[in-house]
Amino acid sequence: YDLFMAAPQKDGSDQNFDYMFKLLIIGNSSVGKTSFLFRYADDSFTSAFVSTVGIDFKVKTVYKNDKRIKLQIWDTAGQERYRTITTAYYRGAMGFILMYDITNEESFGAVQDWSTQIKTYSWDNAQVILVGNKCDMDEERVVSVDNGRLLAEQLGFEFFETSAKDNINVKQTFERLVDIICDKMSDSLESDPAVTTGSPTARLTENPPPLQQPNCGC
C-alpha cells in the first residue's frame, strides 16, 4: 500500500502528527458537502447555501491507538465548470466521501459518474463511503435507504445516511473512513504497523492520549 501522505512524519520541522490522510468530499452541487465538513470540523451549521468556488479544505486531528492522525479534508465544488480543478486534487487522496441528497434524484443518479471519476483520477487503493445526506428531510425523500445501500454494494462502497443539519452520522462517517484506511494500511504495511496495532477494538478519538506517569519510587 503506497502511503504517500500517510507516511510517518519524522521531519523535525513538524512533530504534531504521526500520519496525514488526505480526504475528499465529492458529489453534485448543493448536496451539502460544505455543511457536512463544517459540521464535522467546527460543529456548526448554517442553512444559507453558498456554492463552493473551486476547492477548500479544513484540518482536523484524531487519535487512534495513541497515534495522531491529521485529516486534511478537501471540500470540492460540485459544478461542472470546476471539474478540471477538483479532479486534480483526487491524486494522493486516501479516502472519498461521495455524497448525494436523498431529496434529489439527479444527485443520486450522478453517483455512478462520480464513482468513475474516482477510478479515473485517484489511486487504486482509495477508500470510498457513499453518503445520502439530508436524512432529516424524510418527508421530501425521493431516494430510499434501500436504494442507496444497494448502489453502495454494487460499487463496493460502505454506506451511511447522514444529516449535517441534525448532526446525524457525520462523525461516524469520518471515523469509519479513517478506520478502513487504517485497515487497508495494516493489510500491507510491514515496516511500521503501529497505527493499526494495539487493541483490536481501539476506537478513534478526538482526545489526545493521557500523559504516561513515570514510575518513580518516591
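Arg141 is partly exposed in this predicted model, with a relative accessibility of 24%. Its partner in a salt bridge is Asp138. The closest N and O atoms of Arg141 and Asp138 lie 2.7 Å apart. Asp138 is also partly exposed, at 45% relative accessibility. The pair belongs to a network of salt bridges. Glu161 is linked with Asp138 and Arg141 in that network.

The structure holds ten salt bridges. Another of these contacts involves Arg176 and Glu158, whose side chains meet at 2.8 Å, N to O.

Arg39 has a relative accessible area of 12%. This value falls under the 20% cut-off, so Arg39 counts as buried.

Burial also marks strand S4, which spans residues 95-101. How many of the residues of strand S4 are buried? Seven of the seven are, so the strand is largely enclosed by the rest of the structure. The residues of S4 point two ways. Gly95, Ile97, Met99 and Asp101 point one way, while Phe96, Leu98 and Tyr100 point the other way. All of these residues are buried, whichever way they point.

Strand S1, residues 19-27, runs parallel to S4. Five bridges join S1 and S4. Within this pairing, Ile25 stands opposite Ile97 of S4. Ile97 is itself one of the buried residues of S4. Strand S5, residues 127-133, also pairs with S4 in the parallel sense. Seven bridges connect S4 and S5.

Notes. Residues are numbered from 1 along each chain as its sequence is written. This is a predicted model: local features need pLDDT of at least 70, side-chain atom pairs count only at pLDDT 80 or more; totals for chains, interfaces and linings use all residues. Side-chain values use heavy atoms; hydrogens and water are left out. A salt bridge is a side-chain nitrogen of Lys or Arg within 4 Å of a carboxyl oxygen of Asp or Glu. Buried means under 20% relative accessible area, exposed over 50%, partly exposed in between (1.4 Å probe, protein chains only). Helices (H or I, at least four residues) and strands (E, at least two) are DSSP runs, numbered from the N terminus. Two strands pair if DSSP finds at least two bridges between them.
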